[in-house]
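Subject: Structure handover and notes

Dear colleague,

I am passing on the structure below, together with some notes to read alongside it. Please keep it open while you go through them.

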Amino acid sequence: MITEQLEKQRDLTDGLLQRLMEGEEEEALFAAADRVRRENYGDAVYVRGLIEFTNHCRNDCYYCGIRRSNRSLSRYRLDRETILACCREGYGLGYRTFVLQGGEDPWYTDEILCDIVSQIHREHPDCAITLSLGERSRDSYQRLFEAGARRYLLRQEAADEKLYRMLHPSRMSCENRKRCLYALKGIGYQVGSGFMVGAPGQRWEHLIGDLRFLQQLQPDMIGIGPYLRHQDTPYRDQPNGSMQLTLRLIAILRLMFPGALIPSTTALGTIDPQGRELGLKAGANVVMPNLSPAAVREKYELYDNKICTGEESAQCRSCLEMRVFSAGYRIVTDIGDPKKYRASDRDL
Ligand code: SAM
């Protein structure tokens, strides 16, 4: 059995990985992934309150709805007080991790961001602050760490140079993306990386390359979701990624990285109403409910038909609670560190 081998060795040859991705032993794969997630995390599902604080972006990624060239999007920025209010509301809802995510928006200088991060840290010393702000200088990452951020999400998107080039304009580079990831690790952040499944031009060997890159990086968190088209991007006519392949990859990742934090993503919930529940059953152990003010949610439109844009934060929380429960797990109020992480490293 290929699955047994993966579970034991946490690795496989390229050929065997491809066979699992193609659907061989699918039932056994999902069952093994669920068993391993339960051995490591029981039935706990960690929640991360997601604050999408700006949809301005200097980048022009060919697949992304908030790309700079999308002139039909109405742009917004949340100010310090609004972000702090979101965190307070999230704290009341039981969230112990806040994720500040946005386009690459130079309006938020290091000074502005450090002030926001340190204020969140002062108000909620028992919470983790996660940033997802794209590529910045090492010095900037260092300053944000000193202000109190401890986690950073930056998907590699595509570890292969050529595929990366198909997805991004020339001012961005695969090399710099990887450099940023290693800089973040070196500073001491818990790092999350990942990729889109079914991105335009992606083939089996690219997916295998992405898994190999993650084996080198050894991230604490791994976020994957299907590529979903957006009507105002150059890739508007490319087909969406496959839910089933995304689920198989979540299961493969769980077996390769038993202690990792793996979210069941919004993109998975968008491609199928049961997508997030199925993601949990395939080995994911994190959900990221939206904490952004309802008035701006529609504007953070990375892809068409993104879910959870019409709800208030409390509704998002209770909807997810039900979904997680129906899948056979339970949301916990916990900072939710990865298994290998030592609590003493977290203290400031
Ligand atoms: N600017 C930050 C960065 O570059 O990491 C964070 C924001 S970025 C919009 C967050 C993630 O959205 C990206 O890592 C990308 O994988 C995902 N994303 C963007 N467009 C997408 C699409 N059309 N379908 C699925 N995921 C998409």
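Residues are numbered from 1 along each chain as its sequence is written, and side-chain values use heavy atoms, with hydrogens and water left out.

The mean pLDDT (the predictor's confidence in each residue, from 0 to 100) is 96, and 98% of the residues reach 70 or more. Over residues 341-348, however, the pLDDT is below 50, although this stretch has nine contacts in the model beyond near neighbours in sequence; a contact here means heavy atoms within 4.5 Å. Where pLDDT is low, the predicted coordinates should not be read in detail.

Helices (DSSP runs of H or I, at least four residues) are numbered from the N terminus, and their axes are lines fitted to C-alpha atoms over the stretch in contact, with angles running from 0 to 180 degrees between N-to-C directions. Helix α4 (residues 80-92) packs on helix α5 (residues 110-123) at about 30°, with the axes 10 Å apart, which makes α4 roughly parallel to α5 (angles under 35 degrees count as roughly parallel, over 145 as roughly antiparallel, 65 to 115 as roughly perpendicular and the rest as oblique). Arg80, Ile83, Leu84, Cys87 and Arg88 of α4 meet Asp115, Ile116, Gln119, Ile120 and Glu123 of α5.

Helix α8 (residues 174-187) and helix α9 (residues 204-217) have axes 12 Å apart at an angle of about 25°, and α8 is therefore roughly parallel to α9. On the α8 side the contact involves Lys178, Leu181, Tyr182 and Lys185, and on the α9 side Phe213, Gln216 and Leu217.

For helix α1 (residues 2-9) and helix α10 (residues 243-256), the axes come within 7 Å and cross at roughly 40°, so α1 is oblique to α10. Thr3, Leu6 and Glu7 of α1 make this contact with Ile252, Leu255 and Met256 of α10.

Finally, Glu311 sits in the loop between α13 (294-297) and α14 (313-327), and counts as partly exposed because its relative accessibility is 23% (buried means under 20% relative accessible area, exposed over 50%, and partly exposed in between, with a 1.4 Å probe and protein chains only). Leaving aside neighbours within four places in sequence, Glu311 is in contact with Ala294, Arg297 and Cys316.

Best wishes

How values were computed:
This is a predicted model: local features need pLDDT of at least 70, side-chain atom pairs count only at pLDDT 80 or more; totals for chains, interfaces and linings use all residues. Helices (H or I, at least four residues) and strands (E, at least two) are DSSP runs, numbered from the N terminus.
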